[in-house]
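Please open the structure in a viewer and keep the sequence beside it. The stops below say what to select and what is found there.

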Amino acid sequence: MNDKERDVAFDNLKAFSAFLVIIIHVCAMEWRKIDIHSIQWMILHFYDMISKVSVVLFFMVSGRYFLDPSNEVTGRKIIQKIVRIVKAFIFWSAVYCVFTGIRIYLDGGNIRENLNWILVEFFTGEYHMWFLYAIAGLYLVTPFLRKITESKSLSEYFLVLFVLFGLSKPMLEKLPKVGVFLRSMNFSDSVNLVLGFAGYYVLGYYLYRYTLKKRQKKVLYFMGVLATIFTIVSTFIMTQKTGVANEELATYLTLNVGISSSAVYVFFLTFFEEKKSDKFVSIISKYSFGCYLVHPMFLWIFEMNGLVPSLFSPVISVPVIAGIVMVFSIVTSFIFSKLPILKEVV
């Protein structure tokens, strides 16, 4: 598979991931608000759970590019990336603080009384902006991770540790009885490098660099389907038992989400191996970063005007709302990219 063909696969991955992120946030509009026994909630739950691969795929795609030795990564390039992230964070955090103030005002609250909370939100960012902190951290440790990915065996050793302590242990800790025992163990604190999203970063490059055999892919696809079913069913059961929407077994750092994400990732690499570039997909891919940053603004506007999933059947409303929001977000990102003062924030 040559680089040109690989770019087609990764363009499609980025576009697909951007759409799934919006799906998750469309579902979040009412996922915790409506009756967990209703058909509407179950549909939202289904969409939400199958979209959990979204952010993981973004980390894997980033790893594919930044850990590839054919792409020169210098200290200067990393600093430039970090500076861009900082600019984007400051700008969009300020924008969402303004929106928070507007929400408080419209709800009859006192902005001055909530000023401290708004200032705290400026530094923590809107709910989706945690990703900027995470990706910035990965950029900073990229030179060290590139040393690991120079060796296949060392990469595999790193990934084994990641699966054991970054994915499996956190998931098992959420279970009764065994979870109490595992939480009492502090061994994972000694392997922090393989915890968090660094494992996905390395995995993205590994699966790109070392092509799986046909039989291995089939096994991975099958495991991916089982993992997705587990995600849907386990979170449903947890929700019904606790009486509130519960997604503890569907966080990004759980084994089931990791397997599902890997299956989708490899599927895209394989399926688009000989596909030609699609202009529409390329545009979405190009502006996916800006789309990620701006889309909650449109979701808020939609919600304020009653355009929520329960307006009509969520089977249709969720993808329709997500599609419209994505178009608005891409157009906004495109416009910003043409303005000298704003192009750095998308």
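Begin by selecting Ser333, which belongs to helix α14, residues 314-337. The model is a predicted one. Is Ser333 buried or exposed? Its relative accessibility is 1%, so Ser333 counts as buried, the limit for that class being under 20%. Next, display what surrounds this serine. Apart from neighbours within four places in sequence, Ser333 has contacts with Tyr287, Gly290, Cys291, Val294 and Val346.

How many aromatic pairs does the structure hold? There are 37 aromatic pairs. One of them joins Trp92 and Phe336: the ring centres are 5.8 Å apart and the planes meet at 15 degrees, so this pair is stacked. Planes under 30 degrees apart are counted in that class. Trp92 is part of helix α4 (residues 75-106) while Phe336 is part of helix α14, so the pair ties together parts that lie 244 residues apart in sequence. Trp92 and Phe336 are both buried.

For another arrangement, select Tyr205 and Tyr208. These two tyrosines form a tilted aromatic pair, with 6.3 Å from centre to centre and 50 degrees between the planes. Both residues are in helix α9 (residues 198-209), and because they are 3 residues apart there, about one helical turn separates them. Tyr205 and Tyr208 are each buried.

The charged end of Arg64 sits over the ring of Tyr208, at 4.1 Å from the ring centre.

Which residues form one aromatic cluster? Select Phe58, Phe59, Trp130, Phe131, Phe162, Phe197, Tyr200, Tyr252 and Tyr292 to see that cluster.

The largest cavity holds about 40 Å³ of space. To outline the largest cavity, select its lining residues: Met49, Ile50, Lys52, Val53, Thr228, Thr231, Val257 and Ser260. Helices α2 (39-50), α10 (214-242) and α11 (255-271) are the elements that each give two or more residues to this lining. Colouring the lining of the largest cavity by class shows 4 nonpolar, 3 polar and 1 charged residues.

Conventions: Residues are numbered from 1 along each chain as its sequence is written. This is a predicted model: local features need pLDDT of at least 70, side-chain atom pairs count only at pLDDT 80 or more; totals for chains, interfaces and linings use all residues. Side-chain values use heavy atoms; hydrogens and water are left out. Helices (H or I, at least four residues) and strands (E, at least two) are DSSP runs, numbered from the N terminus. Buried means under 20% relative accessible area, exposed over 50%, partly exposed in between (1.4 Å probe, protein chains only). Contact means heavy atoms within 4.5 Å. On a 1 Å grid over the protein atoms alone, a cavity is a set of points where a 1.4 Å probe fits but cannot get out, and a pocket is an open set with protein on both sides within 12 Å along at least five of seven lines; lining residues have an atom within 4 Å of a point. Grid points are joined across faces, edges and corners, and a volume is the space filled by probe spheres set on the points. Ala, Val, Leu, Ile, Met, Phe, Trp, Tyr, Cys and Pro count as nonpolar, Asp, Glu, Lys and Arg as charged, and the others, Gly among them, as polar. Rings of Phe, Tyr and Trp (its six-membered ring) pair if their centres lie within 6.5 Å; planes under 30 degrees apart count as stacked, over 60 as edge-to-face and the rest as tilted. A charge sits over a ring if NZ of Lys or CZ of Arg is within 6 Å of the ring centre and within 35 degrees of the ring normal.
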